[in-house]
Amino acid sequence: MIATLFDFDGVLVDSEPVHLAAFNDVLAPHGVAIAPDEYAARYLSLDDAGVFREVLSRTGNAPTGDEVRAMVASKTPRFLERFADAFRVFPGAIELVARRAERGPVGIVSGALEQEIVFALGKMGLLGKVAFIVSADCCTLSKPEPAPYLLALEKLRIFGDPPAAVAIEDSLGGIASAKGAGLRCVAVAHSYPLDDLARAGADRAVSDLAQLTDVLLDGA
C-alpha cells in the first residue's frame, strides 16, 4: 500500500494567481503589492500568515500576531469569492486523486486553509476520496519546514506503521518540506521549470499530471 500526499494549490488546482490577487486585496491599504515574479520567488510555498509576515517585515513594518491573524481572516472571503469565479482544476487532477485513492490513502498537505481546500474538493467531487487534510490551520510551522509532512505521517499511522508514502509538489519550498520529512517527492512543473525542481531535490520532476503514472509514484 502506497499513500499519496498531494500539495493542493499549484498541483491539483490552478489557484496561485487567485491567492496572489487576494493577498494584494488585503495589502492594498498598507500601500504594498506583491508582483507575480516576487510571489513565485519568495512566497508561493508559505501559508497566509507567513506571506503577510514576510511581506510587511520587508517593508520595515513587522506586524503583530493579532494584525497577521486579522489579515488572514480578511483574505479568506476575498479568496473564496475570487476562486468561485475563477475555479480551474489542472487537467487530469480529479482522475489522478481518484485513481490514487484506489491504491492507498490520499492526504492533502497544504499551506492553504482547510475551508479553502474543502470548498475546492467539494467542487471537484473528491471529498470522499481524501482520508485527511493537513492545512495551515493544523500547523504552527509551514513549508518549507517539514512540520506539515511530519504531521501527515503521524496521521498515516492509522493505516500502518507507517505505510510507504510519496509527496507530490509544485514548489521549491514544498519539495524542501517533503524531503525534510524523509519522503520521496515527485514534482510537477506547474509553477517552476523542471530544472529548478530537480535542483531543489525532487526525486523526479514531470511537466504535467498526465505523466504521474502509478509506476512512477509507487517507485517501482
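These legends walk you through close-up views of a predicted model. Local features need pLDDT of at least 70 and side-chain atom pairs 80 or more, while totals for chains, interfaces and linings use all residues. Residues are numbered from 1 along each chain as its sequence is written, and side-chain values use heavy atoms, without hydrogens and water.

**View 1. The largest pocket.** Its volume is about 240 Å³. Among its 15 lining residues, A49, R53, V68, R69 and V72 are the closest to the centre. Helix α4 (65-85) gives the largest share of this lining, four residues.

A pocket is an open set of points on a 1 Å grid over the protein atoms alone, with protein on both sides within 12 Å along at least five of seven lines; in a cavity, a 1.4 Å probe fits but cannot get out, and lining residues have an atom within 4 Å of a point. A volume is the space filled by probe spheres set on the points, which are joined across faces, edges and corners. Helices (H or I, at least four residues) and strands (E, at least two) are DSSP runs, numbered from the N terminus.

**View 2. The largest cavity.** Here you find about 150 Å³ of space. The lining has 17 residues, with D9, E16, L44, L46 and G111 nearest the centre. Helix α1 (residues 16-27) supplies three residues, the largest share of this lining.

**View 3. The second largest cavity.** About 50 Å³ of space lies here. Look for its lining residues, including D47, S110, G111, C139 and K143.

**View 4. F159 in its loop.** F159 sits between α7 (147-156) and β4 (164-169). Its relative accessibility is 34%, so F159 counts as partly exposed (buried is under 20% relative accessible area, exposed over 50%, partly exposed in between, with a 1.4 Å probe and protein chains only).
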